[in-house]
Amino acid sequence: MRTGRPMKPLNMTLDERETLERWARRPKSAQRLALRARIALLCERGKTNTEVANHVHVTQQTVGKWRERFRVHRLDGLADEPRPGAPRQITDAQVEDVIVRTLESTPKDATHWSTRSMAKATGLSQRSIVRIWQAFALQPHRTKTFKLSSDPLFIEKVRDIVGLYMNPPERALVLCVDEKSQVQALDRTQPLLPMRPGQIKRRTHDYVRHDTTSLFAALDAKTGKIIGKCHRRHRHQEFRNGIPEF
């Protein structure tokens, strides 16, 4: 004979039962909702709070809470209630405005938006801009470059060059030639102070410019040796004379 306070019937409809069974079958997502759905289904079968608590491994108070929430508010009662605290101040329209500005515009005095400039333009706080950018993985300060060749013989040229490196002809010398102009010859205004225990290496922040130079160099693909010369001028004559002949 059952003792204790009588349980009020849930009077679950067929549609409600089908919805709860669908929620209870969720293997990964919305586990809290799935647990509440299983509690309501077990309560509908006439089980006591103690039996349901032992079955789903929760306390009797938890079972009683969700049983009553479903009886009074039906399916909506199993959802989470609004959390206490200050109400949300940033609207969806403001969030959308920040995202659109970040993706489709640039400030007048800069190449990209910063958190401070975006906060000033939208009237939000800098911390709010940081949270919005983090939520949508936006990083306006970072860029990537790419180049698409318009050469119709690009594939054939790549095969020829790569094939020459990978399988050169017998007794062939493969050189990769390049030039670097306007190399700045810089020096610190004071000698470096060496590192000591508990003291990092120190150097002055300013420097002396000792003019510029142009570097012409070639890489021997077989041995990995770098062959190069520096010249004061950057013309085709220096380029031709910069690489020794073989």
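Which exposed residues does the face of helix 6 turned away from its buried side carry? They are Arg116 and Lys120. The views below show a predicted model.

**View 1. The buried side of helix 6 and its packing partners.** Helix 6 spans residues 115-122. Its buried residues are Thr115, Met118, Ala119 and Thr122. These cover an arc of only 100 degrees around the axis, so they sit on the same side of helix 6. They pack against helix 5 (92-104) and helix 7 (126-135). Arg116 and Lys120 are exposed on the face turned away.

**View 2. The residue after helix 6.** Gly123 follows helix 6. Its phi is positive, near 85 degrees.

**View 3. The largest nonpolar core.** This core has 18 residues. Met12, Leu20, Ile39, Val52 and Phe70 touch the most other members. Helix 1 (14-24), helix 2 (31-44), helix 3 (49-56) and helix 4 (60-73) each give two or more residues. Helix 2 supplies the largest share, six residues.

**View 4. The surroundings of Val52.** Neighbours within four places in sequence are left aside here. Val52 is then in contact with Ile39, Leu42, Cys43, Lys47 and Val63.

View 5. The disulfide count for the model is zero.

Notes: Residues numbered from 1 in each chain as written. Predicted model: local features only at pLDDT ≥ 70, side-chain atom pairs only at ≥ 80, totals over all residues. Heavy atoms only, no water. Core = buried A, V, L, I, M, F, W, Y, C linked by side-chain atoms within 4.5 Å. Buried < 20%, exposed > 50% of the residue type's maximum accessible area, 1.4 Å probe, protein only. Helix = DSSP H or I, 4+ residues; strand = E, 2+ residues; numbered from the N terminus. Contact = heavy atoms within 4.5 Å. Disulfide = S-S within 2.5 Å. Arc of directions from axis to C-beta.
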